[in-house]
Amino acid sequence: EIGMGLNETLSYVLVAENEAKMFDASDKESIKLLDPMTEDRSTLRNSMLSSLFNIYKYNESRYNKDVALFEIAKTFYKKGDELGEEQHLAVLMAGEYYKGIGNSKNVDFYIIKGITEEILDYLGYKNRYSFVADKNKIAKEFHPGQSAVISVNNDIVGTVGKVHPSLANDVF
């Protein structure tokens, strides 16, 4: 656990083909295994959020709706003939966010944005980042009015946002 009340998790890098590009708006392709053992684990993920989303669905089905998870792991991609992997940080929160004894609040966009700011400040990017609402660079799984790309020195380094209502209604 880190100082912001998040619990670290480890998830599978192999996901179902239809989940591999969830929460990823890039033009990078997914990498499908030639001979997968199961279709549920047939493709290397482009985004860790699909894996975290599956962990949330598992917890929610067991009546654990208060989730605050993070993972630092690799994602994989294909772009033309190039195969690559990248190290990423992903956070998923839902339900109540506990900030101490007797102090909790429903998770919303602003709590997640605040945690993102704390992480960026900790990493040394204070006063060098901004949040930009560019719908062309935000994956369709994010809420269109409560999402933004994270720009550091004018380079897009990530996305922060709420899950799209149509996807959230299926789970939350």
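What percentage of the 172 residues of the chain count as buried? The value is 41%, where buried means under 20% relative accessible area, exposed means over 50%, and partly exposed means in between (1.4 Å probe, protein chains only).

1. Basis of the values. This is a predicted model, in which local features need pLDDT of at least 70 and side-chain atom pairs count only at pLDDT 80 or more, while totals for chains, interfaces and linings use all residues. Residues are numbered from 1 along each chain as its sequence is written, and side-chain values use heavy atoms, with hydrogens and water left out.

2. Elements. The chain has 3 helices and 11 strands. Both are DSSP runs numbered from the N terminus: helices are H or I with at least four residues, strands are E with at least two. Read from the N terminus, the order is β-β-β-β-α-β-β-β-β-α-β-β-β-α.

3. Overall form. A compact globule of 172 residues would have a radius of gyration near 16 Å, and the chain agrees because its value is 16 Å. That radius is taken over C-alpha atoms, and the globule rule is 2.2 Å times the number of residues to the power 0.38. Along the principal axes, the C-alpha atoms fill a box of roughly 50 × 40 × 30 Å.

4. Contacts. Contact means heavy atoms within 4.5 Å. Among contacts in the chain with a separation of 6 or more, 53% join residues 24 or more positions apart.

5. A nonpolar core is a set of buried Ala, Val, Leu, Ile, Met, Phe, Trp, Tyr and Cys residues joined through side-chain atoms within 4.5 Å. The largest one has 20 residues, of which Phe23, Leu49, Leu52, Phe53, Leu92, Phe142 and Leu167 touch the most other members. At least two residues of this core come from each of α1 (49-60), β5 (67-79), β6 (82-94) and β10 (142-152). With 5 residues, α1 gives the largest share. In soluble globular proteins, nonpolar side chains tend to be buried together.

6. Leaving out residues up to four places away in sequence, Phe23 touches Ser47, Leu49, Ser50, Phe53, Ala139, Glu141, Phe142, Val163 and Leu167. Another core lies apart from the largest one and has 18 residues, including Val107, Tyr129, Ala148 and Ile150.

7. Surface and charge. The accessible surface of the chain is about 10500 Å², and carbon and sulfur atoms hold 50% of that; the areas come from the Shrake-Rupley method with a 1.4 Å probe. There are 20 positive and 26 negative side chains, and the centres of the two sets are 4 Å apart. Lys and Arg count as positive, Asp and Glu as negative, and His and the chain ends are not counted.

8. Positive phi. Asn127 counts as exposed because its relative accessibility is 74%. Asn153, in the loop between β10 and β11 (155-163), has a positive phi near 50°. Asn153 is partly exposed, at 44%.

9. Tyr122 lies in α2 and is exposed, at 73% relative accessibility. The C-alpha atoms of Tyr122 and Glu82 are separated by 33 Å. Pro165 is found in α3 (residues 165-171) and is partly exposed, at 33%.

Terms used:
Charge placed at Lys NZ, Arg CZ, Asp CG, Glu CD.
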